[in-house]
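Please open the model in your viewer and keep the selection tool at hand. The tour moves from one selection to the next and says what is found at each stop.

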Amino acid sequence: MAVRKSKEESFSVSGSSDQWFAKAENALTKGGFTNIKANKLLNQITGDYKKVTVWGEISVTLFPKNEQIEINVKSTANTDNIFAMFSSPTQKILAQFKNNI
């Protein structure tokens with residue numbers, strides 16, 4: 001069984017929930033995520049990230065708050081490989097999403 005760790009980040013943005021939902025889904029597609037599942041009812045998008053050195057997944061949840069949208073991003077990845085000793089796989093997954101949003 002693989003050893004897995006998670007990392008979570010939240011940030012607030014201006015705009016509508018529908019607009020940021022579409023942007024988040026597009027960011028996962030452009031970031032190389034697979035098996036992307038969008039649940040509009042829960043305002044949540046999930047996807048898998050499986051590359052040679054990083055195996056994990058991401059969950060993006062949008063929370064409307066007043067005139068802002070809070071975006072909560074949680075990445076979970078396997079950390080029991082030699083590549084995880086040099087850089088955090090959970091951070092790589094988060095960066096892949098944030099660089100494409």
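Start by selecting serine 59, which counts as buried because its relative accessibility is 17%, where buried means under 20% relative accessible area, exposed means over 50%, and partly exposed lies in between (1.4 Å probe, protein chains only). Serine 59 belongs to strand β4; helices (H or I, at least four residues) and strands (E, at least two) are DSSP runs, numbered from the N terminus. Its side chain is joined to that of glutamine 44 by a polar contact of 3.1 Å, a term for a pair of N or O atoms within 3.5 Å of which, within protein, one must be able to donate a hydrogen and the other to accept it, while residues adjacent in sequence count only if both atoms are side-chain atoms. If neighbours within four places in sequence are left aside, serine 59 is in contact (heavy atoms within 4.5 Å) with Gln44, Ile45, Thr46, Asn72, Val73 and Lys74.

This is a predicted model, in which local features need pLDDT of at least 70 and side-chain atom pairs count only at pLDDT 80 or more, whereas totals for chains, interfaces and linings use all residues. Residues are numbered from 1 along each chain as its sequence is written, and side-chain values use heavy atoms, with hydrogens and water left out.

Next, select Ile58, Val60, Leu62, Ile71, Val73, Ile93 and Phe97, the residues with the most contacts inside the largest nonpolar core, which has 20 residues. Such a core is a set of buried Ala, Val, Leu, Ile, Met, Phe, Trp, Tyr and Cys residues joined through side-chain atoms within 4.5 Å. At least two residues of this core come from each of α1 (17-30), β3 (44-50), β4 (55-65), β5 (68-78) and α2 (89-100), and α1 gives the most, with five residues.

Now turn to α2, whose buried residues are Pro89, Thr90, Ile93, Leu94, Phe97 and Asn100. Seen down the axis of α2, these fall within an arc of 145 degrees (taken from the directions from the helix axis to the C-beta atoms), so they line one face of the helix. What covers them includes β1 (4-14), α1, β3, β4 and β5. Which residues does phenylalanine 97 touch, not counting those up to four places away in sequence? They are Phe11, Ala24, Ala27, Leu28, Phe33, Ile58, Val60 and Val73.

Finally, select asparagine 66, in the loop between β4 and β5, where phi is positive at about 55 degrees although the residue is not a glycine. Asparagine 66 counts as exposed because its relative accessibility is 86%.
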